[in-house]
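Hi everyone, thanks for coming. Let me put today's structure up on the screen, and then we can walk through a few places together.

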Amino acid sequence: MNKKNKLLRIYKVLSFALIIFLQIYWYKWTRKPEAEWEKLWERIGKRFRKTLFELEGLLIKVGQFISIRSDLLPSPFIKEIQDLTDKVPPSKWSEIQKVLDEEWGEEGSKKVRSIQEEAIASASIGEVYKGILHDGTAIAIKVQRPEIQSIVQTDFRTLKILLWFVDHLVPIPKGLINLSVLFQELKQVIERELDFSKEKETLLYFRERYKDREIVKIPAIHPELCTKRVLIMEWIEGKRITDLETINEMGPYKEEVAQRLVKVFLPQWLEPGIFHADPHPGNVLLSRGGEIILLDFGMAGELSKKDAAHFQALIESFLAKNYGKTVEVLSHLGFLLPNADSKMVERLLNEWISIDLADLKEMDLIKLKLEINDLIAALPIQVPTRFVFLGRSFITIEGIVRQLLPEEELIHLAKPVFTEWLSTQGSKWSFYWRAIQSQPLFKIFHSITEFLDAPQKYEQLKETEQRREFQFAVYESRKKRFFQLFLLGLIGMGTSYYLTEDLLLKIATALSGLSAVGYYVSSYNLSKWLKYMPEKRR
């Protein structure tokens, strides 16, 4: 198949989506049992995976993006695509040479003594080659794939059409996910990844951030040879941490490597700033000296100061078992669905969380995350779109750690790293204060203060939820009425055409046109409101 044929790409994707929609509607119509649904989603996942590797381009990135939305999609489907790797056959060397000549010109080409024509790594957006400068310095040359800009734009248009149909025809629970925001988030990340100058800036940011950390190694940049389509970095030798040979060589050193991984990434997840959003095994290597090597900063996200503060408050509320505060923070972050009963969520949290945080020896981030996974699956909780890539980063590192250590050792892995990080957030006294708050005696004080503050907090939460539900109902009601008027206009147009009534035809046409405009405006207002809803709730 010719991947550069735009019409063929669009046809392949849309026809695949149509078949899926028809299958899902048929299963709903015939009321298939749960076991049949699981088999269907498994088949869809396998075919989806096959289609992605056939088409390559942006679609593999879309598959990786979808694979971390286990809070929204069926587990049999997720299971089939969760290990998607962005690895595709390399381009012809003549095409790569053409890109280098266009970007460097004659002067730039003279600065590189030689380049190996066989790609070291090849992904959907870029390929990496090894080169040598005239002074003998080994370099890694990342080159953008030829024609990728055109392919990505075609895929964006296809996805936009597809998401429009999903948003209007597929019965997704309202308030569960905002597809337009999801699309814009993906588009922003991919467009950033297509501009290698952005990746250069991110790489320099991480070099500055970790300049005093001996456990991390990040390649240096050769800025004089970098362009928007070419990135030149220091060549660093390293082994994949997940290779069986590497794991066997580590021996008892595996636990220290795992802890170093958590030390490197934990601050990225909880402190304001940029985080590495694609730390798969090919981008996280181990040097001979035991340093964690970070590569490929094309896919990166940013955690705002406000969100970082809320995440830290969320952890503190879990440590202190102050679940009223937990619910409040979850609401601020946008994790609670519009119809969530705040008091019910607080009560379930209180009954469910089994981690004994009063015992600091058992304090562990991995176990805490496993508890939160169960909560997300059972409670009216969603993962806001802006945290999708943060979740991807966490899940990927967790997968690497699980390959290094057996299940029983994970409980004790993150404890020293997590407690060390907590002790750096303010004074040591604040850390001990949080520990004291988790003690049974202190819970009495919490209960009293919560009891006194409960009426006011409950009324505020109730009022906020009622305002949101009312506003959402208004937008939905307007959309429904405009759609009904639009259908009525179409029926009128058909009737007037059959009866040859010109006046009725004009009235029906005007009604259809105005109602279509009204429906579009209402849909736009609703999508805009959903996009900024988490901010308004603050």
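This is a predicted model: local features need pLDDT of at least 70, side-chain atom pairs count only at pLDDT 80 or more; totals for chains, interfaces and linings use all residues.

Residues are numbered from 1 along each chain as its sequence is written, and side-chain values use heavy atoms, with hydrogens and water left out.

Let's begin with residues 6-27, which an unreviewed UniProt entry lists as "transmembrane region"; such annotations may be inferred rather than shown by experiment, and UniProt positions are given in the numbering used here, with feature names shortened. In the model, that stretch is 100% helix and 0% strand, with its end C-alpha atoms 32 Å apart. Helices here are DSSP runs of H or I, at least four residues, and strands are runs of E, at least two, numbered from the N terminus.

Next, helix H15, residues 388-404: its 17 residues should span 24 Å at 1.5 Å a residue, and the end C-alpha atoms are 25 Å apart, which agrees. The expected span is 1.5 Å times one less than the number of residues. Among the buried residues of H15 are Phe 389, Phe 394 and Leu 404.

Buried means under 20% relative accessible area, exposed over 50%, and partly exposed in between, using a 1.4 Å probe and protein chains only.

Leaving out residues up to four places away in sequence, His 310 touches Val 329, His 332 and Leu 333, where contact means heavy atoms within 4.5 Å.

Finally, Leu 295 sits in the loop between strands S10 and S11 and is partly exposed, at 22%. Its contacts beyond four places in sequence include Pro 219, His 276 and Gly 282.
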